[in-house]
Amino acid sequence: MAPDTDSPRNDAPGARLRWSNRISLTPRILAVNVFALALLAGGFFYLDSYRTRIIDARLEQSARELKLLAIGLDNARTDRQGALIAAYARQTGDRVRRYAPDGHRLSDSFAMNAPRYRLRLPSEEGWQRHVARFLDKAMDRVVSADRPPNFTEPTVDRAEAWPELLMARKTGRPQAVNRYAPDRTIVISAAVMMRDGTSLFATENARDITRTVRAERLRLGMVLGVAALASVLLSLFLARTIVQPLQRLARAAVRVRLGRAREVTVPRLPERRDEIGMLARALSDMSHALRQRIDATDAFAADVSHELKNPIASLRSAIEALDRVDRPDLRAQLMAIAQDDVRRLDRLVTDIAEASRVDAELSRTRFEPIDLGLLIEKMVIAREARGVPRGVRLAFARPRKDVAVVLGEEGRLIRVLDNLIDNAISFSPEGGLVRIVATVADDQVLVSVEDEGPGVPESEREHVFRRFHSVRPEGESFGKHSGLGLAIARSIIDGHQGRISIADRQDDLSGACFILHLPMAVARDPGMVSE
């Protein structure tokens, strides 16, 4: 059963964000930017605090100014008190009323001077004011602002009609409150007591506070609007430059997965120099490598089928002929052919299995530092102890210890070196010399294997690494080799991030020279130096 890819345990590190994985990038980008705007919109809370501070300052100012007026009246002659109240009202724009100890009104600045303010009815104003009041209410609702009581003129103008005046009489201290006029402008009222038992009550329609707050709100709204527009446009731009290329790549990847098109072109986005461009080119290279791997697998399967047919056909013919042959010598000859075909099939199957699992095993192998000089020396000693065919000699120029060090898998590298040495021995003449050299140049370890055989023509130097391509020395019977040795060697070297090539011998003598290029391992210990 296939694993459930949507299971939380498959993506445990991000399990708490599973909901976000179901949302497209475009709304997620917009959400992030809108969240940033929401933080900017928090300026409206500051605006409410700003308005509160202005009102509190104005309440304190009104109470203080009215207290000064009360002091002035207490020290003024009776015939000068009315003129003093009128002058104060003209200067501050307040409506000042004076009440007797029994609560009836003694004087009113509006009766002395022309009224300095008039409470406006909303029905008398234009639509712009209605919009402004609507925005005022909306802002108060958003910030949960405290709503002051409404201001109304009492039908009977007595001291008892004003709660702040009653509180001033009760406590003896100045009192000030704010209320909303019918058009939602601020009305500041203050009350103080005088020494003679009378009281002063002043009201002010502080429209300037409302205008100031609305002006600040307009500026903040304009900034927020411009920021919101810029944020949306930038979000759409980001979505277009991020989401659309990713969608193109996803569609191409789906076509590659479905395999309905032989040549699926994954966009490389060469104009993109960012991470998305890197992803596009990586996916394109990956799909190209995958296509090459599939082609190589198909070709390998076809080659295997072709190579297996010959020994199977020969084996079948020998077995079928055994029933029709009575002569013992002919039966023995047919049996020898059958046994030879069986051995050939065994070699083919073994080498085919080896060739097919090289890449997979190398991808899972942990590479370790290997001193190729020491490794080759041990291989040469072991081979000479077993005996070298036809008197072929082996010569190895051993480098200093811990110089020719590479990162790799020892068993696989031994397989490569064995193949190259076997190949060199098989092509060497009677008593020939196979020379092995390991050197270091330009952060690479070079291993060359030279023989004195006929050499490899330049036109064949790439073909010999193909699977089942076999060029054998004269006199060797057919079927002794599978033609996979050099192909396996190249696969192993490729898996070690190296390369294998064929060159002419530097001494201008006949023979082949196989050269391995492997990246040199970086010394982990500064004391890793030559002997």
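This is a predicted model: local features need pLDDT of at least 70, side-chain atom pairs count only at pLDDT 80 or more; totals for chains, interfaces and linings use all residues.
Two strands count as paired if DSSP finds at least two bridges between them. Strands β1 and β2 run antiparallel and are joined by 3 bridges. They form a hairpin, with 5 residues between the two strands. In the turn of this hairpin sits Gly103, whose phi is positive, at about 100°.

Before going further, a step back gives the wider setting. The protein chain has 531 residues, of which 38% are buried. It contains 12 helices and 12 strands. Among contacts in the chain with a separation of 6 or more, 67% are between residues 24 or more positions apart.

Is β1 buried or exposed? Buried means under 20% relative accessible area. By that cut-off 5 of the 5 residues of β1 are buried, so the strand is largely enclosed by the rest of the structure.

These strands are part of an open sheet of 5 strands, and you can trace its order as β2-β1-β5-β4-β3, with antiparallel pairing. At the edges lie β2 (105-108) and β3 (175-180), each pairing on one side only. From one strand to the next, the twist averages 20°. A helix lies against this sheet: α7, residues 207-258, packs on it and touches β4 (186-193) and β5. The direction of α7 makes about 30° with that of β5.

Next, look at a pair of helices. Helix α2 (residues 43-75) packs with helix α3 (residues 78-92) at an angle of about 160°, and their axes are 10 Å apart. That angle makes α2 roughly antiparallel to α3, because angles over 145 degrees are counted that way. The crossing of the two helices is right-handed. Which residues make the contact? From α2 come Glu65, Leu66, Leu69, Gly72 and Leu73, and from α3 come Gln81, Leu84, Ile85, Tyr88 and Thr92. Sorted by class, this contact has 6 nonpolar, 3 polar and 1 charged residues.

The last stop is Glu430, in the loop between α11 (410-427) and β9 (433-441). Glu430 has a relative accessible area of 62%, so it is exposed; the cut-off for that word is over 50%. Where does Arg390 lie relative to Glu430? The two residues are 40 apart in sequence, and their C-alpha atoms are 5.3 Å apart in space.

Technical notes: Residues are numbered from 1 along each chain as its sequence is written. Side-chain values use heavy atoms; hydrogens and water are left out. Axes are lines fitted to C-alpha atoms, for helices over the stretch in contact, and angles run from 0 to 180 degrees between N-to-C directions. Helices (H or I, at least four residues) and strands (E, at least two) are DSSP runs, numbered from the N terminus. Angles under 35 degrees count as roughly parallel, over 145 as roughly antiparallel, 65 to 115 as roughly perpendicular and the rest as oblique. A crossing is left-handed if the near helix is turned anticlockwise from the far one by less than a right angle, and right-handed if clockwise. Contact means heavy atoms within 4.5 Å. Ala, Val, Leu, Ile, Met, Phe, Trp, Tyr, Cys and Pro count as nonpolar, Asp, Glu, Lys and Arg as charged, and the others, Gly among them, as polar. Buried means under 20% relative accessible area, exposed over 50%, partly exposed in between (1.4 Å probe, protein chains only).
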